[in-house]
Amino acid sequence: MSDIAVSGAVSGRHDLRDALDLLSEQVADEILHAEPVHPDSHLPAALVQPLVRANLAEILAALAGEPSSLEPARETGRVTAAEGMPLDQLQHAYRLAGLRIWEELARRLRSRTDTTALLRASSRVWFAIDRSSNVAVRTHLESSAGLSENMARTELLRGVLTGAVHDLETARRALGLPADVMLVVAVTAPGMPAVPAAGTTPAPDGAAEPDRPTVRWLTHEGARLTLVAASTSEDTYSALTGLAAHTRTGASRPFTRLADAPAALVEARTAVRSLPLGRVGLARYGDRPLDALLVADGERAAELATAVLSGLRDRDPRDEEQLLATVEAWFEHGGSGTRAAAALHCHRNTVLNRLARVADLTGRDINDPRAAAELYAAVRALRLQGEAP
C-alpha cells in the first residue's frame, strides 16, 4: 500500500478522533492507577484528565493530517514541572497514549492483509507520540530550570532580608538589583490581596529595567515581603502605591546598604502594625512615631492600656466603645468638641458629657496635657493590640 493510501487509512475512514473520549478515559485511568515509581509524584485527576484529552486531541488531529501547534505538549511540560512530576513518568504517560492509539488503529485495520500498511501506520503513530513527548520533555526541563532558579533567588532574597546571607555583593548581582540606589523594604499583612505594584517588576526573578524601580518579593511567614530599589526615596515609595491601594502595607525608611535590609524589615513590620484599625494603605516607618513605639513593645503597651483604661474596661462593651470612640474623635479633631460631635453625629454637649465620664472613670481629665497624653497613648495601645504582623 502506498504512503498516500496509509495516510488515507488514518485521515479518512480510520480517523480516530471519534474515539477521543474512549481513548482519553483509558489513558487517564492507566496514568492515575499506574504503580508509582515515585510514591509522592502522582498528579491529581483534575490535572491529568484535561491534559490527556488535550494531548490526544492534538495527536489524533495530526494523524488525520491537520496542522499541529503542540501547545498541549508544552502545557503538559509546564504543569508537570510545576507539580514535580519526574521525567520518566511523563515519558511513560506518552507511551501509554501511544499504545492505546496503536491498539485502536490496529483493531480498525485488522481486516487489511498488507502488513506494510500496518507498519507504516505504526510509524506514523509513534512519530506523532515521540514528537509530542519530546516537546513536553524539553518544556519540562526548561520550566524546571526556571523554577529552580526562581526558588534559588527567592531563598537568596529571604536570606538577605533575614540576615542569613553575608556575601551581599554577590546577592545583589544575583537578584538583579542596581548599584548605588535607594532601597526600601515593605511588609504586606497576611490575609490581604497581594497585587503587584503598577509599573514595577512584580516577581523575584524579573529583569531590572533602566530608570524603573526594581521590585523583588516573596511570601514569608504568611506576609508578603518586598524589596524595592529605585533612584530616589520617593520613587521607592511610589513603586508601592499600587500594592498599598488594596492592602495593609508598611514600609521601612530608605537605605542604601543591603546589609541594612534586616533592620529595615523590622521597621516595615512595625510600620504595618501602626496602621489604624481596619484601614488599608501604606504606612511609612516614622510617620506615626508613637504608634511605632507602642507596637515595638507590645507587652509594655498592653500594661499602659490596662493601667489607664481599666475603669472603662469594667463597663458594658457598648458603653466602653462609645467612650473610647469619643476620646478618639476629640483627639482626631484637635480637641474641638464641635467637630468631634459632628463626626460622631451627636450634640457637642454629649461629647463633653462623655469626656467628663471618662475623667471620672479613669481619673484623667482630658484638658490636663499630661493626662491627655496618657489617655491618647493608652487608647492607641488598645487599638493596636492584635494588629498584623
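Me: Which residue does R100 form a salt bridge with?
Reply: R100 pairs with E103, and their closest N and O atoms are 2.5 Å apart. Keep in mind that this is a predicted model.

Me: Ok, and where do R100 and E103 lie?
Reply: Both are in helix α5, which covers residues 87–108. They are three residues apart, or about one turn of the helix.

Me: Is R100 buried or exposed?
Reply: R100 is buried, because its relative accessible area is 13% and the cut-off for buried is under 20%. E103, at 42%, counts as partly exposed.

Me: How many salt bridges does a search of the whole structure find?
Reply: The search turns up 24. One of them joins R17 and E66, with the closest N and O atoms 2.7 Å apart. That pair links distant parts of the chain, 49 residues apart: R17 is in the loop between α1 and α2, and E66 is in the loop between α3 and α4.

Me: What about E328, which residue is its salt bridge with?
Reply: With R383, at 2.8 Å between the closest N and O atoms. E328 lies in helix α13 and R383 in helix α16, so the pair ties together parts that are 55 residues apart in sequence. E328 is partly exposed at 26%, while R383 counts as buried at 15%.

Me: Which residues do salt bridges with shared partners join into one network?
Reply: D18, E104, R107 and R108.

Me: Switching topic. What's the nearest side chain of opposite charge to R354?
Reply: That would be D319, but it is 7.1 Å away. R354 is buried and has no salt bridge. A salt bridge needs the nitrogen and oxygen within 4 Å.

Me: So which side chain does R354 have a polar contact with?
Reply: T326, at 3.2 Å. R354 sits in helix α15, and it touches several other residues too, including Q322 and L344.

Me: Now the backbone. What's phi for L70?
Reply: It's near 65°, a positive value in a residue other than glycine. Most residues other than glycine have a negative phi. D180 also has a positive phi, near 55°.

Me: Where do L70 and D180 lie?
Reply: L70 is in the loop between α3 and α4, and D180 is in the loop between α7 and β1. L70 is buried at 8% relative accessible area, whereas D180 is exposed at 81%.

Me: Last one: which residues form a nonpolar patch on the surface?
Reply: L290, L293 and Y376, with about 270 Å² of accessible area together. Y376 belongs to helix α16 and is partly exposed at 34%.

Key. Residues numbered from 1 in each chain as written. Predicted model: local features only at pLDDT ≥ 70, side-chain atom pairs only at ≥ 80, totals over all residues. Heavy atoms only, no water. Helix = DSSP H or I, 4+ residues; strand = E, 2+ residues; numbered from the N terminus. Buried < 20%, exposed > 50% of the residue type's maximum accessible area, 1.4 Å probe, protein only. Lys, Arg positive; Asp, Glu negative; His and termini not counted. Polar contact = N/O pair within 3.5 Å; in protein donor to acceptor, adjacent residues only side chain to side chain. Contact = heavy atoms within 4.5 Å. Patch = residues over 30% accessible without salt bridge, like charges linked within 9 Å, V, L, I, M, F, W, Y side chains within 5 Å. Areas by Shrake-Rupley, 256 points an atom, 1.4 Å probe, with all protein chains shown as cover. Lists of a residue's contacts leave out its neighbours within four places in sequence.
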